[in-house]
Amino acid sequence: MEVIREVLAHQRRMRDGGCTGRICLRCARHHLDTVRSAMENGRRIDFVLPAFPTKSPNPAKVLGPLPDLAEELALRFLNELCERIGDIYPPGAAITICSDGRVFNDLLGVSDENVTAYAHELDRMIGEIGAGHLEQFTLDDVYSGAGHEEMRTMLSGAWAPSLDELRAEVRAGGAPLAMYRGITRFMLEDLSGPDYTGTRSALQRRCRDLAYRVIQRSRAWGDLLGRLFPSAIRLSIHPQPCSTEKIGILLGDTPDAWLTPWHSVAVERDGGYTLMKRAEAERAGARAVFVGGRATHYVL
Ligand SMILES: [Zn+2]
């Protein structure tokens, strides 16, 4: 219970998720067997987190295509979570970051080269900050040697639900509808950068369609990960309903529960850090901080 409490202390909750208390005991009980089984075998506790896909292509939100201080802070946060679990249970914990950039970058208009560069830099960062409890796993590891487009085709062919199935789930409301709305909002922001010249309503139609396809591929990736990592606890960056197979988790302290490091910049303020969209940080008067000739974050 202590181990699960550490994780649930950073739980990202749905607004109407039905979770109770500061730490939801119903959610905790749901994951007890997985943790108990690891402990009975003296194994480390494994978590799987589909996240850190690629930077948003919208320059109004981020500093560029590579991970920066926003990612570094999130990696440190996740590694420290594992360290605290290690204090409670010495075999410890590890989080496998299952980067989903390659899974849907084509839908976001992000190049495969940028996905590769982002993943490499993330690996380098994990090494540099000594985040020994974090590992990275990508679609490239599943279908090594295949072309990028071919990887996505194989993943979808084997694991994706049909668009009709997804539409029916979203129409039924609840968590799938919240997820669909959240992703549509991100697509709208990501694709309404300075290069977009069409009408707002055409963009909205396109984003609603793309959101379904992003969810379709994410679901495929998630199901494949469930098969590859059957004894791991599934974390998610999206808020989750109470006592389901996934635990929604925050990647740091941020006022907007939907904001992630790859959709924002890190802003130093009052001795701490927060995440903001780049344009908002600049409007608020924040100035960029450069390390080694590259902007890494802002100071307000
Ligand atoms: Zn709950």
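This is a predicted model: local features need pLDDT of at least 70, side-chain atom pairs count only at pLDDT 80 or more; totals for chains, interfaces and linings use all residues.
F52 lies in the loop that runs between strand 1 (45–49) and helix 4. Its phi is positive, at about 50°, although F52 is not a glycine. Most residues other than glycine have a negative phi.

## Other loop positions

D270 also has a positive phi without being a glycine, with a value near 50°. Its place is the loop between strand 6 (265–269) and strand 7 (272–276). Is D270 buried or exposed? It is exposed, as 7 other C-beta atoms lie within 10 Å, and the exposed class takes in counts of 12 or fewer.

P194 sits in the loop joining helix 10 and helix 11. It counts as exposed, with 8 C-beta neighbours inside 10 Å. P194 and P59 are separated by 135 residues in sequence, while their C-alpha atoms are 8.4 Å apart in space.

Y143 belongs to the loop between helix 7 and helix 8. With 17 other C-beta atoms within 10 Å, Y143 is partly exposed. Apart from neighbours within four places in sequence, Y143 is in contact with M151 and M154. Y143 and D16 are 127 residues apart in sequence, and their C-alpha atoms are 38 Å apart.

## The nonpolar core

The largest nonpolar core contains 77 residues, and those with the most contacts inside it are F47, L49, I183, A211 and V265. Helix 4 (residues 69–88) is the element that gives the most to this core, contributing 9 residues. In soluble globular proteins, nonpolar side chains tend to be buried together.

Which residues does V265 contact, once its neighbours within four places in sequence are left aside? They are V62, L63, A70, M276, R278, A281, H297 and Y298.

## Helix 10 against helix 11

Helix 10 (residues 175–191) and helix 11 (residues 200–228) have axes that come within 8 Å and cross at roughly 125°. At that angle helix 10 is oblique to helix 11. The crossing of the two helices is right-handed.

Helix 10 makes the contact through M179, Y180, I183, T184, M187, L188 and L191, and helix 11 through L203, Q204, C207, R208, L210, A211, V214 and I215. By class, 12 residues of this contact are nonpolar, 2 are polar and 1 is charged. Two of the residues named for the core, I183 and A211, take part in this contact, I183 from helix 10 and A211 from helix 11.

Helix 5 (residues 101–108) is largely enclosed by the rest of the structure, because 6 of its 8 residues are buried. Which residues of helix 5 are buried? They are G101, R102, V103, F104, N105 and L108. These buried residues pack against helix 6 (112–128), helix 7 (139–142), helix 8 (148–159), helix 10 and helix 11. Just after helix 5, G109 has a positive phi of about 75°.

The axes of helix 5 and helix 6 come within 9 Å and cross at roughly 140°. The crossing is right-handed. On the helix 5 side the contact involves G101, R102 and N105, which meet D112, V115, Y118 and A119 of helix 6. The contact divides into 3 nonpolar, 2 polar and 2 charged residues. G101, R102 and N105 are also among the buried residues of helix 5.

## Helix 4 against helix 6

Helix 6 also packs with helix 4, at an angle of about 50° and with the axes 10 Å apart. Helix 4 and helix 6 are therefore oblique to each other. Their crossing is right-handed.

E71, E72 and L75 of helix 4 make the contact with L122, M125 and I126 of helix 6. By class, the residues of this contact are 4 nonpolar and 2 charged, with no polar residue.

Technical notes:
Residues are numbered from 1 along each chain as its sequence is written. A nonpolar core is a set of buried Ala, Val, Leu, Ile, Met, Phe, Trp, Tyr and Cys residues joined through C-beta atoms within 7 Å. A residue is buried if 20 or more other C-beta atoms lie within 10 Å of its own, exposed if 12 or fewer, and partly exposed in between; C-beta atoms are placed from the backbone. Helices (H or I, at least four residues) and strands (E, at least two) are DSSP runs, numbered from the N terminus. Two residues are in contact if their C-beta atoms, placed from the backbone, lie within 7 Å. Axes are lines fitted to C-alpha atoms, for helices over the stretch in contact, and angles run from 0 to 180 degrees between N-to-C directions. Angles under 35 degrees count as roughly parallel, over 145 as roughly antiparallel, 65 to 115 as roughly perpendicular and the rest as oblique. A crossing is left-handed if the near helix is turned anticlockwise from the far one by less than a right angle, and right-handed if clockwise. Ala, Val, Leu, Ile, Met, Phe, Trp, Tyr, Cys and Pro count as nonpolar, Asp, Glu, Lys and Arg as charged, and the others, Gly among them, as polar.
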